[in-house]
Amino acid sequence: MKPLADFMEPLLRAWTGPLTSELVQTPGKFGLGRVPERLKPDATVHSVCGYCSTGCSLKVHLRDGEAINLSTNADYPVNIGMACPKGWEALTPLTAPDRGVTPLVRDKGRTQPVDWEAALRVFVSRVRDVQTRHGKESVAFLSTGQIATEEMAFLGVLAKFGMGMLHGDGNTRQCMATAVTAYKQSFGFDAPPFTYQDFEESDVLVFVGSNLCIAHPIMWQRVLRNRNNPEIIVIDPRRTETAMNSTQHVALRPKTDLTLLYGLANLLIRMGAVKREFVDVSTTGFDAFAEFVAGYTPEKVSETTGLEIAQLEKVAGIIATGKRVSFWWTMGVNQGHEATRTAQAIINIALMTSNIGRPGTGANSVTGQCNAMGSRLFSNTTGLLGGHDFLNPEHRAKVAGVLGIDEALVPTQNSLAYDQIVAGIESGRIKALWIIATNTAHSWIHQNSFRELRKKLEFLVVQDMFYSTETAEMADLYLPAAAWGEKDGTFINSERRIGRIRQVSKAPGIALSDFRIFRLIADAWGCGEMFKEWTSPEAVFRVMQKISVGQPCDFSGIEGYEMLEREGGMQWPLPPGAKPEKQRRLFEDGKFYHPDQKAKFLFESPRPIAEETCANYPFVLLTGRGTSSQWHTQTRTGKSDVLRKLYPKECYVEMHPEDAAKLAIGENRRVIVRSRRGKLTATAFLTATVSRGQVFIPMHYATTNQLTYADFDPYSRQPSYKYCAVSIERADG
Ligand code: SF4
């Protein structure tokens, strides 16, 4: 099979191809290209960063109509003039040599560049053919937390209501599904309650499985602005950068966090820290919870977690005496085998101590991708648009009514989750897959299994800004997409703030925004009429606003894109008549979204991990973010000379010096790390940031997920990337 690069490099050097549709943009010169006519040639444009969920605002500067550089926005309430290395380098990937400039079709093993008309013919004919032979549900899509909310909504409506697909999920399943499930069950809606100002107003901050310092560096800067000399408790097996800057590092054994949290709840009850009035008025299930955690004595918790009883009591005491305690969690919790209950154990502690709905408090999930929160509300994958429910007939009727479509087009059942779609390929239930802006062949847990499964697919479409990702290289049809900076729309950040992204550059060649690609496909499929009012991202924003009416996320009071730019983004909810404010948190009135307006205490006994260590695989492998200069599978950050200088080029493994000494492994020696599923070669970094018996490998390297074990939280179906058994040996024998 000839690599796509063989075709793309000559095209990049000399594209002069014809246009095939009115919707196709004029191909500009390569490089950043000229910005849209409506922007002044020397304008400065404010746009939310396209990497992480912090949602920093960047000022992109144009000269003679070209984006030349960027600076940070001191007036934006999120980053107040700061940006991390990824943000400063946000324009660099746009000019990378492996940008897709034209669709590519693979035929009998050969890949050919084609125009959009030909690409659309292939897309429609092949997808229809699979649906005709195997049923409409045999085609699924995998989407992303990286495209604009308006594009997510377009894809979700097109695929499910227009093309008859039932199954579609996003890469947000890999990072945020746990938080969604935990909030929905506990609060009655997927509703992270906080605002970033809470980082600065707490007197105690508790981070669980969160290396904020590296993964969300600007949020960490907000912590450093806290003037209350706060206690910072970090619950993490690794001595991460955040743990090094804590006042109390709770270095528990991996995946014993649920036991620890139940033990802390028990100690808090014993210490009299329960705020009974709040618990009685605003929650249900506390008494059963108290009875349950009574069995989690300090002795039992100490034995399971490996922590000293004195430290357990100290941490509980800090929480008990804190006036404004905030709890923050991210992937260390979400990517676990009992993740939902662990997140809810955090929520339970916040509820029982009444640390919610007040400044500096909250049970707060920090999101991963720039628009994971948009995906949670509007991807139309496992939840119906606008936080609605496919299983609820009233919700289906409402959404169909707003969209002006036949209610019968709205599925009455939920989609399979990501792992179930992958399993569906294995079983033959899923025969064709459309992947948008995600790199499954790199990021999916136990990646070798996905690569093998590709052979079972009759048709694979990949829509991405790069033709060179591990996943795009496998495609039968590649659709070149515009990147962040080359299109308009909105993102929603971790604190529920809806912010604008702006086009400051033209996509290369005949690459198109995902929005335009979806429009072309809708027309080619024959369901373009369904989208006759979806003429621009802002028009779709209006549709989304109507769908949000009556929901906890109601943002129909936003006057439009202009207001988002004027006000520095707006946090939902903002129903009509509500006063726009720079910082908004939820549950200030002690009312939640369940019908009885009460939050629920939810809990169950910890369950064993799927793959324990043994004599052959004696080390626990932890994975996570390596540096703040790396983003996920590095398709973008890997393009920057500046960022590449800030992290090791080759895959590395952190291991404890005493473990290394036993295996005669010296600093920087090459080692082989092996699991039951695969092996990789890495450089040994000897460091006590990991405890004995544990090793750490960053997730960004292409081989990392050859090792991981495909286990999933039973409620959120989120993969458990944080624990599997491996062995280590010297590469030179
Ligand atoms: Fe962008 Fe996140 Fe860095 Fe802010 S912290 S500049 S949003 S990557």
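## A tour from the ligand to the cores

Start by selecting the ligand: it sits in the second largest cavity, where "sits" asks that more than half of its atoms lie within 2 Å of the cavity's grid points. A cavity here is a set of points, on a 1 Å grid over the protein atoms alone, where a 1.4 Å probe fits but cannot get out. You are looking at a predicted model, in which local features need pLDDT of at least 70, side-chain atom pairs count only at pLDDT 80 or more, and totals for chains, interfaces and linings use all residues. Residues are numbered from 1 along each chain as its sequence is written, and side-chain values use heavy atoms, without hydrogens and water.

Next, show the residues around the ligand (a heavy atom within 4 Å): among them are Cys49, Cys52, Cys56, Cys84 and Lys86. By class, this shell has seven nonpolar, three polar and one charged residues. Pro217 and Ile218 are among the residues that line the cavity, with an atom within 4 Å of a point.

Now move to the largest nonpolar core, of 131 residues: buried nonpolar residues (under 20% relative accessible area, 1.4 Å probe, protein chains only) joined through side-chain atoms within 4.5 Å. Select Phe161, one of those that touch the most other members. Phe161's contacts (heavy atoms within 4.5 Å) include Asn380, Phe390, Leu403 and Met530. Apart from this core lies another, of 43 residues, including Ala67 and Trp484.

Key:
Buried means under 20% relative accessible area, exposed over 50%, partly exposed in between (1.4 Å probe, protein chains only). On a 1 Å grid over the protein atoms alone, a cavity is a set of points where a 1.4 Å probe fits but cannot get out, and a pocket is an open set with protein on both sides within 12 Å along at least five of seven lines; lining residues have an atom within 4 Å of a point. Ala, Val, Leu, Ile, Met, Phe, Trp, Tyr, Cys and Pro count as nonpolar, Asp, Glu, Lys and Arg as charged, and the others, Gly among them, as polar. Lists of a residue's contacts leave out its neighbours within four places in sequence.
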